[in-house]
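Open the model in your viewer and keep the selection panel handy.

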Amino acid sequence: MAEARQAADFPPWLPSGGAPEGLRGSLLQEIYLCSLRSWRRHLGRFWNDFLTGIFPASPLSWLFLFSAIQLAWFLQLDPSLGLVEKIKDFLPDWGGQHHYLRGVLAAALFASCLWGALIFTLHVALRLLLSYHGWLLEPHGSMSSPTKTWLALVRIFSGRHPMLFSYQRSLPRQPVPSVQDTVSKYLESVRPVLSDEDFDWMAVMAQEFLKLQASLLQWYLWLKSWWASNYVTDWWEEFVYLRSRNSLMVNSNYYLMDFLYVTPTPLQAARAGNAVHALLLYRHRLTRQEIPPTLLMGMRPLCSAQFEKIFNTTRVPGVEKDSLRHLRDSWHVAVFHRGRFFRVGTHSPKGLLSPRSLEQQFQRILDDCSPACPHEEHLAALTAAPRGMWAQVRESMKARAAAALEAVEGAAFFVSLDSEPGGLTREDPAASLDAYAHTLLAGHGHDRWLDKSFTLIVFSNGKLGLSVEHSWADCPISGHMWEFTLATECFHLGYSADGHCKGQPDPTLPQPQRLQWDLPDQVHSSISLALRGAKTLAGNIDCHVFPFSHFGKSFIKHCHLSSDSFIQVVLQLAYFRDRGRFCLTYESAMTRLFLEGGTETVRSCTREACNFVKAMEDKEKTDSQCLTLFRLAVDKHQTLLKAAMIGQGIDRHLFALYIVSQFLNLQSPFLSQVHSEQWQLSTSQIPVQQAHLFDVHNYPDYVSSGGGFGPADDNGYGVSYIFMGDDTVTFHIASKKSSTKTDSHRLGQHIEDALLDVAALFQTRQHLKHRFRRAGEECSGYRQRFPSRKTAPTAPTEL
């Protein structure tokens with residue numbers, strides 16, 4: 001997602017004059033601190049670790065084991081082989097009358113030791129089993145005997161009813177790939193986009209790197225992989241995100257949309273009440289670890305560490321680097337409306353406020369006619385300023401506006417009650433959808449507190465949206481929360497016939513607290529400067545969103561191809577038609593198969609994809625020849641994707657090697673060249689992870705339309721896509737208006753044409769290509785019906 005630009009822009013932090021002496025010692029200290037931070041995180045959640053650490057065993061299993069030992073003693077059997085008697089010898093002698101108590105205590109200690117050893121054995125066995133990735137590399141639809149055996153063992157050792165963090169102790173560490181393999185894969189990935197002369201030059205630099213520096217850098221990286229939980233994730237968070245001094249707007253945030261064709265209620269306060277209540281229900285389940293861990297293909301658990309910072313988290317600006325502040329709990333949300341800030345409590349002594357009570361509080365804010373104080377209206381523009389500037393201004397604010405600042409930064413999340421409508425309109429569906437995306441991504445430059453982990457945006461017509469800061473987690477985490485929110489607020493909480501939240505308001509609730517900002521005079525000019533910069537950034541973004549409804553996932557599956565790889569190869573064809581050349585392409589893939597895993601880059605512009613594109617543009621090539629090349633390109637992409645998922649990707653390894661070289665002050669022309677690369681096509685699929693929450697067959701309109709992000713390069717594109725049901729793919733495209741080389745709408749048209757041209761290759765008759773083009777032509781692929789249902793259908797499944 002937005003990480004591609006951050007990865008390209010993160011600066012070296014060492015002074016140009018070189019590093020101080022003893023820098024290798026500094027690197028060892030850094031590795032030590034990485035491990036220390038990992039252990040501090042583990043100790044901080046000790047109690048939850050205890051509850052989940054015994055998984056797949058249960059506390060009752062200890063009681064069963066202890067009872068069995070006592071029963072054996074009663075039957076004059078000694079299952080401990082004399083160990084219980086030895087334990088009794090070490091216990092103090094309390095006299096003859098307490099002899100039986102010493103025996104019980106000794107049996108309890110023996111049972112505890114045996115129980116702990118069994119649990120440790122289960123964890124080690126499961127970790128070894130989860131280190132096997134052969135199942136992922138096998139052809140689709142087939143399963144070898146070793147994989148079948150592995151699957152049976154995983155099911156035996158995985159236990160039943162796992163909690164969110166139950167598998168954390170059993171997840172393997174992310175391996176450090178072979179540096180020779182990584183360099184070889186890198187050279188293969190850049191071959192399609194370099195001239196012969198440039199490629200030869202790059203190959204020479206790569207060989208020099210392997211001879212001179214690779215082994216030393218790899219040794220330090222291997223050392224860190226044994227000390228820290230993950231050899232790359234913490235450095236990625238710090239140097240790619242927290243050390244970036246650029247504005248968060250567009251560069252480090254992304255957005256998620258509401259239902260595309262449905263708005264459950266037109267009442268803004270009601271929609272806000274249900275959405276906030278649903279989000280807090282999700283937080284409650286998250287705190288109690290009642291959310292089941294994500295299982296890839298229903299059997300392989302993924303790391304859940306990123307779920308911890310969804311709520312109560314703020315990215316605090318610093319002069320040199322930011323920090324993530326996470327609170328254990330927060331009982332309020334910060335609300336912005338017409339330039340004013342409010343603190344709205346979310347709990348009463350009885351517990352979480354009902355949706356109707358929350359609606360009442362939001363309606364009170366909407367009905368409040370008091371004006372914004374001077375400079376308060378544009379205060380949030382500071383969060384869109386360069387981070388160093390915002391850090392200095394924030395320090396000057398803390399002396400006189402500490403309470404208001406704490407109310408915002410200490411909130412569970414930020415809520416923006418927008419004064420304008422949003423979403424798709426019947427009158428101009430294309431323009432309204434583009435404006436909807438632009439508003440979610442950038443707003444007006446002063447109506448989002450970009451430092452918060454996410455901002456819930458509620459439009460005046462009841463439409464919803466989410467703006468998410470990227471540093472604390474990857475998109476699938478916020479997407480998981482967003483799916484739960486939409487399904488819960490619409491299907492389970494519901495609305496009454498008049499559009500209000502169900503239930504009765506509570507007149508005893510106190511009014512929302514208006515925050516007062518006593519701003520120093522020197523802050524005023526900074527706010528004006530930040531606002532101008534934010535408006536410039538927002539005005540320069542060109543967003544285009546379109547649902548492609550000619551065909552979708554069902555057709556691609558019918559072709560026996562991966563849907564994601566299908567789209568990635570099509571994007572190569574569309575980009576070539578748009579720019580007349582190939583470019584480095586960034587696709588985000590997850591590495592959460594490993595402990596504290598994050599993302600890896602799939603370099604989708606492969607030699608196979610380029611061969612297919614050239615064939616499609618060659619009129620002498622037949623459809624069968626193009627189809628053969630297309631299948632080869634899809635297979636190659638699948639190979640790269642699977643390699644990235646199992647920790648054998650390219651870019652994270654090269655990134656970590658570059659960080660080590662900076663610590664050691666080793667100048668590597670090869671790593672510097674890799675670091676300077678620009679991603680002119682940044683792509684990401686937004687997966688639907690909880691399909692059981694939505695009934696896409698009976699209610700196809702009730703599904704999120706995905707989200708988008710800004711381009712990674714000033715002359716590039718940011719493209720995301722989501723499969724909505726079986727027959728629609730929604731694309732989100734962003735580019736810079738200042739670039740004369742890009743046009744989001746033009747690329748969108750190329751994507752649609754490329755999809756239709758590729759689909760025609762799979763037809764036995766050429767005229768079916770025209771049938772695809774005719775399908776969904778009404779309203780240019782947009783649905784003409786926009787139902788104004790005030791109540792949602794019956795929930796497809798229980799949450």
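Of the 799 residues in the protein chain, 58% count as buried, where buried means under 20% relative accessible area, exposed over 50%, and partly exposed in between (1.4 Å probe, protein chains only). This is a predicted model, in which local features need pLDDT of at least 70 and side-chain atom pairs count only at pLDDT 80 or more, while totals for chains, interfaces and linings use all residues. Residues are numbered from 1 along each chain as its sequence is written, and side-chain values use heavy atoms, with hydrogens and water left out.

Start with a cartoon view. The protein chain has 27 helices and 20 strands; these are DSSP runs (helices: H or I, at least four residues; strands: E, at least two), numbered from the N terminus. Among contacts with a separation of 6 or more, 81% are between residues 24 or more positions apart, a contact being heavy atoms within 4.5 Å.

The chain exposes about 33,300 Å², with carbon and sulfur atoms supplying 57% of it; areas come from the Shrake-Rupley method with a 1.4 Å probe, and for residues only the protein chains shown count as cover. Select Leu28, Tyr32, Trp219, Trp222, Trp226 and Trp227, and you have a nonpolar surface patch of about 720 Å². Patch members have over 30% relative accessible area and no salt bridge; like charges are joined within 9 Å, and nonpolar side chains (Val, Leu, Ile, Met, Phe, Trp, Tyr) within 5 Å. Helix α11 gives the largest share, four residues. Leu28 lies in helix α2 and, at 39% relative accessibility, counts as partly exposed.

Next, select residues 521-539. This is helix α19, whose 19 residues reach 28 Å from first C-alpha to last, close to the 27 Å expected at 1.5 Å a residue (the expected span is 1.5 Å times one less than the number of residues). Which residues of α19 are buried? Colour Val523, Ser526, Ile527, Ala530, Leu531, Ala534 and Ala538. Looking down the axis of α19, you will find these buried residues within an arc of 145 degrees, so they line one face of the helix; the arc is that of the directions from the helix axis to the C-beta atoms. They pack against α15, α17 and β14. On the other side, Asp521, Ser525, Arg532 and Thr536 are exposed.

For another helix, select α23, residues 623-645. Its 23 residues should span 33 Å at 1.5 Å a residue, and its end C-alpha atoms are 33 Å apart, which agrees. After α23 comes Gly647, with a positive phi near 85 degrees.

Finish with the charged pairs. The structure holds 30 salt bridges, each a side-chain nitrogen of Lys or Arg within 4 Å of a carboxyl oxygen of Asp or Glu.

- Arg514 and Glu376: their closest N and O atoms are 3.0 Å apart. Arg514 sits in strand β13 and Glu376 in the loop between α14 and α15, 138 residues apart. Both are buried.
- Asp418 and Arg448: the N to O distance is 4.0 Å. Asp418 lies in the loop between β10 and α17 and Arg448 in the loop between α17 and β11, so the pair ties together parts 30 residues apart in sequence.
- Arg603 and Glu677: this salt bridge is 3.1 Å, N to O. Both Arg603 and Glu677 are buried.
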